[in-house]
Amino acid sequence: MWRDIAFALALILAIIALAYATTLRGLGPLPPDNLRNLAIAYLKTTYNPFKPLFTAMAPEAVTAIIWDYRGLDTLFETVVFYGAIIAALTLYREVYKERDVLPLRGLSLIVKRSTAVISIAILSVAAATALHGHLTPGGGFQAGAIAAVAPLVILVVFSKIFLESRGVQYTKLLTLRNLGLLGIGLTAIALILVGLALGSNAFIFQNQAKELARLSYPSKALDVPLGGSLWFFNLFEAIAVAAGFTLVFMVLMSSEELAKREVVGEEHGY
Amino acid sequence: MNVADLVFSMLAISALLSVAATVLAVQAKDLLKAIVFSAMQSVAYTLMYFLLMAPDIVLVYAAVAVGIYPLALVLLIKKVGRYEV
């Protein structure tokens with residue numbers, strides 16, 4: 001009892017000391033109230049139809065920075081994410097392709113019905129986040145992470161067998177993930193391919209026309225700003241992330257029967 | 001009270017809430033409770049990210065920290081047992 005109170009008091013003291021030191025600029029200068037030069041540069045060029053050679057033509061600055069200004073960095077982030085997923089799948093390499101064997105009933109009918117309704121809502125939010133990622137906060141990875149919650153909840157509430165019998169299987173998810181990755185790659189080099197056909201220059205990860213390369217993605221679709229390549233990147237990234245997360249969870253949620261086959265023979269050293 | 005004061009006081013409240021939730025999560029012997037406290041801490045952080053004007057982070061943080069991460073930990077607990085001894 002007294003130990004807990006002393007602990008809480010020590011914690012409160014530490015927080016107050018830290019907050020006080022921060023306000024007095026003891027831990028470095030506070031950020032200024034006005035906009036910094038870098039932010040002003042981004043805000044002036046993110047959506048600016050009057051400077052067609054510098055703009056990204058997307059109203060959402062964060063997505064424009066992630067997929068246009070520093071698109072190659074984001075590509076390598078994506079590579080790291082898929083490396084992690086491949087590593088997780090490798091741990092289960094004996095069993096990941098097999099369908100599950102243990103028939104499970106799942107939770108009660110009330111939970112199942114409400115989960116069914118909520119899953120559709122989750123997927124709609126994910127679709128909106130991906131397809132409007134260049135207009136409102138959001139983007140490919142966010143949408144993929146949101147969409148992956150739906151199959152995860154279904155896995156827990158219904159069962160793995162249910163999801164597999166409805167067609168969400170390893171090979172299909174792998175195909176979907178590979179299509180997403182292929183889409184990201186093709187979006188990055190599509191303008192180069194078009195440039196080869198038309199005999200003009202283009203850069204990797206080019207979005208809008210530049211001084212030396214006049215090709216550009218469409219900046220508007222049906223009078224709505226499209227942000228050029230950003231829309232395509234968001235869409236394919238969302239597909240790939242959602243399929244990748246679902247893949248890992250399907251494998252992790254294998255029943256004991258299946259998972260035990262993975263560790264059989266460990267005592268003999270193979 | 002202007003808007004900035006309101007934002008800063010809400011930041012302070014959610015920061016304190018997150019500290020309390022973290023302490024409870026560390027102290028809990030029932031690991032399922034620890035996960036719920038950890039999710040509470042994540043909710044406080046989500047609010048803080050929103051108040052700091054980073055809605056892009058909010059979207060991914062809410063999905064990962066409140067949805068995917070607790071469910072993965074619940075799975076782990078199902079395999080290793082619920083109570084810490």
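Colleague: How far apart do the C-alpha centres of domain 1 and domain 2 of chain A lie?
Modeller: They lie 40 Å apart. This is a predicted model.

Colleague: What bounds does the domain assignment of chain A give?
Modeller: Domain 1 runs over 1–30, and domain 2 over 32–268.

Colleague: What secondary structure does chain A have?
Modeller: Ten helices and two strands. From the N terminus, the order is α-α-α-α-α-α-α-α-β-β-α-α.

Colleague: Now chain B. Why are H1(B) and H2(B) called roughly antiparallel?
Modeller: Helix H1 (residues 3–27) and helix H2 (residues 31–51) of chain B pack at an angle of about 160°. Angles over 145 degrees count as roughly antiparallel. H1(B) and H2(B) are therefore roughly antiparallel to each other. Their axes are 8 Å apart, and the crossing is left-handed.

Colleague: Which residues of H1(B) and H2(B) meet?
Modeller: From H1(B), Leu11(B), Ser14(B) and Ala21(B) are among them. From H2(B), the residues include Phe37(B), Gln41(B) and Met48(B). The contact divides into 16 nonpolar, five polar and no charged residues.

Colleague: How do you know that H2(B) and H3(B) are roughly antiparallel?
Modeller: The axes of H2(B) and helix H3 (residues 55–80) of chain B cross at roughly 175°. The cut-off is again over 145 degrees. H2(B) and H3(B) are therefore roughly antiparallel to each other. Their axes come within 9 Å. The contact includes Ile35(B) and Tyr49(B) of H2(B), with Tyr61(B) and Leu73(B) of H3(B). By class, it has 19 nonpolar, three polar and no charged residues.

Colleague: How many residues does the contact take from chain A and from chain B?
Modeller: It takes 18 from chain A and twelve from chain B. On the side of chain A, the elements that give two or more residues are helix H1 (2–23), helix H6 (140–157) and helix H9 (229–252).

Colleague: Which element gives the most to the side of chain A that touches chain B?
Modeller: H6(A), with eight residues.

Colleague: What classes make up the side of chain A that touches chain B?
Modeller: That side has 14 nonpolar, four polar and no charged residues.

Note on methods: Residues are numbered from 1 along each chain as its sequence is written. Chains are lettered from A and ligands numbered from 1 in the order in which they are written. This is a predicted model: local features need pLDDT of at least 70, side-chain atom pairs count only at pLDDT 80 or more; totals for chains, interfaces and linings use all residues. Axes are lines fitted to C-alpha atoms, for helices over the stretch in contact, and angles run from 0 to 180 degrees between N-to-C directions. Helices (H or I, at least four residues) and strands (E, at least two) are DSSP runs, numbered from the N terminus. Angles under 35 degrees count as roughly parallel, over 145 as roughly antiparallel, 65 to 115 as roughly perpendicular and the rest as oblique. A crossing is left-handed if the near helix is turned anticlockwise from the far one by less than a right angle, and right-handed if clockwise. Two residues are in contact if their C-beta atoms, placed from the backbone, lie within 7 Å. Ala, Val, Leu, Ile, Met, Phe, Trp, Tyr, Cys and Pro count as nonpolar, Asp, Glu, Lys and Arg as charged, and the others, Gly among them, as polar. Domain bounds come from an automatic or database domain assignment.
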